[in-house]
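Subject: Structure handover

Hello,

Here is the structure you asked about. Please open it and keep it beside this email while you read.

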Amino acid sequence: MSGLRLRAATGLGRFAGVMSRTLRRGDGFVIGGRVVLAACPDAFGRLCAGRRVAFVSATNGKTTTTKLLAAAMRAAGPVLTNNSGANMPAGLVAALAMPTQRVPDDAPVVLEADETYLPGLLRGTPDALVVLGNLSRDQLDRVGEVAMVARRWRSTFAELPGLAAVANADDPHVAWAAAVISEVTWVSVGNTWTADSVLCPSCGSILRRDGADWSCECGFRRPNPSWVLTDGVVVDPSGARHGLGLRLPGRANQANAVMALAAAHALGVPVETALPAMASVGSVGGRYQTVTLGGRRVRLLLGKNPAGWAEMFGMLAPPPAPVVIAINARAADGKDPSWLWDVPFEKLAGRLVVATGERRHDLAVRLTYAGVDQVTVEDPWTTMPAAVAASDQPLDAVGTYTAFREMLRKGGGARDVE
Amino acid sequence: MSSESAIRLVSIYPMLLGTYGDGGNLRVLTARARLRGFEVEPIELDAGEPVPADADLYLLGGGEDDAQVAAARALRRDGGLARAVAHDAVVFGVCAGYQLLGKEFPGSDGVLEPGVELLDVTTTRLPKRAVGELLAEPVSSSGVELTQPLTGYENHAGGTTLGAGAHPLARVRAGVGNGIDRLEGAVQGRIVGTYLHGPGLARNPELADLLLSWVVGSALPSLELPAVEALRAERLATVRPEE
Ligand SMILES: [Zn+2]
């Protein structure tokens, strides 16, 4: 045994001891990961050693894309994945060290990675596949501005020649960051929200746009995609067309599925195997799940930033159906809810909005100025306004991350969330 | 659409200067003027589109570094905003939009970039980014008659120093604001600059109405919106003054 290997083995032994003590103490999942990281800072790279690793990162859709990719991979063999939505280093270490199912040592790993932590994680897994969906404004207090995230991605990618990528060619920031990776599969899944990519990420000039296509006077332009999504049908690199037939609703999930499909293909899973497995996924971390809250059936939706909301209006039950919107501004939501002003809530005119969550007053002001009828309620599930309580139609409830999780917990939904 | 009597509100390059929800300021002013019976023509300018010099009020919001530089260069080239200010137009700039109204601000990679020089302020890089709730008490000496505390959210790395021509808008009670002398914002004639996002005019209706009163030339009838009062009460109760 070489010295290097011996040192690694000793480290892993120590690490295992820490692990078992942590588990005996019964600390929380993410806390367990933190303890491991404190004892063994390179735990992540060690846990991934010998495995093919794929990271999914994006502002929107990374949890869903991860779940779809894991489902596609599982159709071909065992997979190690994080299905908790805990996408920062401690959560990922915990997912790897405490898998919910036993998997072989060489089983591939599919992980959702927070945009800001992706660079650090890649240093432990320099031969990973990165699946890059989109970048838009979100949690500006923590994540920072979009151009900054793209710059950090790009400089990290440039230092890791072993990386491969599946990347959304329609998003200029993603395309610019991924352009330094030698092996990229470009995918066209659309980009409804363009307000964060007005300027060329390369030179700062205003981008020219023509439908999905974009280009800059400096020569930087949209890469040619080899997978293209149009109206629920994907054309693969061989030119074959496949209907997606997803159970998950909405255009954004078609985009997530095509990202996952191209990634599965890059990892050796054929389209014919991947598609049916992805089509069977019906809920991701409780999104789109119908639960019972306050004695009525409620469908839960996650709406956490303007780009996500741009896809939301088409998914809501049509007017005059009322809708509950729950706004929090904790760390995981972003502490500044001014993004509510970037959402065209005017589109909700003609229905009643029940404004709730810790920052319901911010939403109420936004809706007041949008001319939308609203009623502000601290806990609608115990005191539902009469106009909503009277209807027996299923109700949609949209929440920011922590508000959504709270409704999910109260409603007893989602077994795939820790 | 346009009419001689309509109040013309111009949002300058919201695609560049709209990253922090400041587009809400245009919606707030439009609604508050219409609720008083005024006719309003809100205008959103695409990046690089000529700035009309004959509008009544101009809004600039926060944006990313490259976007801020692009906006400042386009405005300097265009000259419309400076002509409007010469005709006594009202200008309200937030964060990047506040900084670029001044003489100089740190652009991409911190390189100093000339502003449009309508406001006697200079901005340099703060050692640490200012992120969080901002609470400030209006300063009466600025020629601005505000009585209510100003509340908002700040997210910037700019330290803004006021020259002799500019007066502070407010004194910081919690947060960073200008980052110099515990002051927040600047006022010069009918130009107001501030670090208050939230958006600032949604959280501070008194300031919104002050800008509108400058446009119409008289005080406005009062307008009580319970949702706005509830938001202010909640924010003011949450944010503790630091002194
Ligand atoms: Zn360019």
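Let's start at one proline. Pro320(A) is found in the loop between α11 (306-310) and β14 of chain A. The peptide bond from Pro319(A) to Pro320(A) is cis, and its omega is near 10°. One caution before we go on: this is a predicted model.

Chain B has a cis bond to look at too. It joins Gly198(B) and Pro199(B), with omega about -10°. Pro199(B) sits in the loop between β12 (191-194) and α5 of chain B.

Another loop of chain B is worth a stop. Asp109(B) is not a glycine, yet its phi is positive, about 55°. Look for Asp109(B) in the loop between β5 (104-106) and β6 (112-114) of chain B.

Now the sheets of chain A. As background, strands of a sheet pair through backbone hydrogen bonds, either parallel or antiparallel.

One open sheet has 6 strands, in the order β12-β13-β17-β14-β15-β16 of chain A, with mixed pairing. Check one position by eye: Ala326(A) has Gly399(A) in β17(A) as its bridge partner.

Another open sheet of chain A has 9 strands. Their order is β2-β3-β1-β4-β5-β6-β9-β10-β11, and the pairing is mixed. Its edge strands are β2 (80-81) and β11 (241-243) of chain A, and each pairs on one side only. β5 (residues 164-168) and β6 (residues 183-188) of chain A pair in the parallel sense over 5 bridges. There, Ala167(A) stands opposite Trp186(A) in β6(A). Helix α4 (residues 62-74) of chain A packs on this sheet. Helix α4(A) touches β1 (53-57), β2, β3 (109-112) and β4 (129-132) of chain A. The direction of α4(A) makes about 170° with that of β3(A).

Next, the salt bridges. How many are there over all chains? A search of the whole structure finds 29. One of them lies inside chain B, where the side chains of Glu41(B) and Arg8(B) meet at 3.4 Å, N to O. Glu41(B) is in strand β2 (residues 40-44) and Arg8(B) is in strand β1 (residues 7-11) of chain B, so this pair ties together parts that are 33 residues apart in sequence.

Last, the place where the two chains meet. Chain B gives 35 residues to the contact, and chain A gives 27 residues. The size of an interface is often given as the accessible area lost when the parts come together. Here the area buried between chain B and chain A is about 2,700 Å², and carbon and sulfur atoms give 58% of that. Between the two chains there are 2 salt bridges. One of them pairs Arg129(B) with Glu145(A), at 3.7 Å, N to O. There are also 7 residue pairs in polar contact between chain B and chain A, both residues at pLDDT 80 or more. Several elements of chain B each supply at least two residues to the side that touches chain A, among them α1 (24-35), β7 (121-138) and α7 (226-238). The largest share, 6 residues, comes from α7(B). By class, that side of chain B has 17 nonpolar, 8 polar and 10 charged residues.

Best wishes

Technical notes
Residues are numbered from 1 along each chain as its sequence is written. Chains are lettered from A and ligands numbered from 1 in the order in which they are written. This is a predicted model: local features need pLDDT of at least 70, side-chain atom pairs count only at pLDDT 80 or more; totals for chains, interfaces and linings use all residues. Side-chain values use heavy atoms; hydrogens and water are left out. Contact means heavy atoms within 4.5 Å. Buried area is the accessible area (1.4 Å probe) that two parts lose on being put together, summed over both. A salt bridge is a side-chain nitrogen of Lys or Arg within 4 Å of a carboxyl oxygen of Asp or Glu. A polar contact is a pair of N or O atoms within 3.5 Å; within protein, one must be able to donate a hydrogen and the other to accept it, and residues adjacent in sequence count only if both atoms are side-chain atoms. Helices (H or I, at least four residues) and strands (E, at least two) are DSSP runs, numbered from the N terminus. Ala, Val, Leu, Ile, Met, Phe, Trp, Tyr, Cys and Pro count as nonpolar, Asp, Glu, Lys and Arg as charged, and the others, Gly among them, as polar. Two strands pair if DSSP finds at least two bridges between them. Axes are lines fitted to C-alpha atoms, for helices over the stretch in contact, and angles run from 0 to 180 degrees between N-to-C directions.
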